[in-house]
Amino acid sequence: MEEKTTGRTPLIAGNWKMNLQVTQAVDLVEKLVAKDVVGHGVEVLVCPPFTALYAVSRVVNPAGIKLGAQNMHWEEAGAFTGEIAPGMLAEIGCQYVIIGHSERRQYFGETDATVNKKVKAALINRLTPIICVGETLEQREEGLTDRLIRDQVKAALLGLDPEDVLKVVFAYEPIWAIGTGKTAEGCEANRVCRLIRETVGEINAEASSWVRILYGGSVKPTNYADFAAQPDIDGALVGGASLQAEQFAEIVRVAAE
Ligand code: PGA
């Protein structure tokens, strides 16, 4: 296997989804801080639900753990009942925002076009978008994976200043691997991540070696080493296992090795 020779800092991101009330959220990050996850060459990020962001920011910001949201609207303000603006996230200490998670695409009408608007709005507000792409099992079985991934990547970056392409993070999350206990094989996940890298490179050649690409889908401490060893995978987007301080900290430890 190729040696990792890039300057890309691994990123381990916890996507808490619609879990944990404020006191539980604060308890989880306090446990994480106590587990000494910061300062081992790995960027550690938690993405709580909106209601817990502010309270969590007060614990994680001084500790050096990064904070992200799971979604946002692309407009700055206005009559969009129930939505959260990018500036609101930046104000309370978010540095990241997950964009286009498959659950949002599947249940909330997120499209490549709205993903693109949100990516641009995130960058204007100095939030790093973590752009999620991935195929369903049906699409994989029909041999559509590569075309779909390329289309999702290109659509997400449509109209971006090539300089801005350097600032995004991608997450490859095969939909059939999310919350199912099934994972892609490390080498197959790496192949798709390389495809994402090459597609990014068509827009900005320099970005292809700089952009960070995470794998997501049933990542656990017991399976992460296989992904961490892959040359084109720079970290993980972790759902279920990010709700347990010990499991999440262990994934960070594997990434640090
Ligand atoms: P999972 O979720 O780790 O529970 O599979 C990953 C994700 O949806 O980001």
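## A tour of the predicted model

Start by selecting helix 5 (residues 112-124) and helix 7 (residues 145-156), whose axes come within 8 Å and cross at roughly 40°. Helices here (H or I, at least four residues) and strands (E, at least two) are DSSP runs, numbered from the N terminus. Axes are lines fitted to C-alpha atoms, for helices over the stretch in contact, with angles running from 0 to 180 degrees between N-to-C directions. Helix 5 and helix 7 are therefore oblique to each other; under 35 degrees counts as roughly parallel, over 145 as roughly antiparallel, 65 to 115 as roughly perpendicular, and the rest as oblique.

Show the side chains between the two helices. Helix 5 contributes Asp112, Val115, Asn116 and Val119 to the contact, and helix 7 contributes Asp151, Gln152, Ala155 and Ala156. Contact means heavy atoms within 4.5 Å. By class, this contact has four nonpolar, two polar and two charged residues. Ala, Val, Leu, Ile, Met, Phe, Trp, Tyr, Cys and Pro count as nonpolar, Asp, Glu, Lys and Arg as charged, and the others, Gly among them, as polar.

A note on the model: it is predicted, local features need pLDDT of at least 70, side-chain atom pairs count only at pLDDT 80 or more, and totals for chains, interfaces and linings use all residues. Residues are numbered from 1 along each chain as its sequence is written, and side-chain values use heavy atoms, with hydrogens and water left out.

**The cores.** Select Ile12, Val46 and Phe170, the residues with the most contacts inside the largest nonpolar core, which has 69 residues. Such a core is a set of buried Ala, Val, Leu, Ile, Met, Phe, Trp, Tyr and Cys residues joined through side-chain atoms within 4.5 Å. Buried means under 20% relative accessible area, exposed over 50%, and partly exposed in between (1.4 Å probe, protein chains only). Helix 12 (residues 245-256) supplies the largest share of this core, seven residues. Another core, of 12 residues, lies apart from it and includes Cys47, Tyr96, Ile98 and Leu214.

**Arginine 212.** Move to strand 7 (residues 212-216), where arginine 212 is placed. Arginine 212 counts as buried, at 13% relative accessibility. Leaving aside neighbours within four places in sequence, its contacts include Arg8, Glu43, Tyr96, Phe170 and Asp234. Draw a C-alpha to C-alpha distance from arginine 212 to valine 254: they are 17 Å apart in space and 42 residues apart in sequence.

**Helix 9.** Next, select residues 186-203. The 18 residues of helix 9 should span 26 Å at 1.5 Å a residue, and its end C-alpha atoms are 26 Å apart, which agrees; the expected span is 1.5 Å times one less than the number of residues. Among the buried residues of helix 9 are Glu188, Asn190, Cys193, Arg197 and Val200. Arginine 191 is also in helix 9, but is partly exposed, with a relative accessible area of 36%.

Histidine 73 sits in the loop between strand 3 (66-69) and helix 3 (86-91). At 9% relative accessibility, histidine 73 counts as buried. Beyond its neighbours within four places in sequence, histidine 73 is in contact with Phe80, Glu83, Ile84, Pro86 and Lys118.

Lysine 17 is in the loop between strand 1 (11-15) and helix 1 (22-34). Its phi is near 55°, a positive value in a residue other than glycine.

Finish at arginine 126, in the loop between helix 5 and strand 5 (128-133). Arginine 126 is not a glycine, yet has a positive phi of about 60°. With a relative accessible area of 77%, arginine 126 is exposed.
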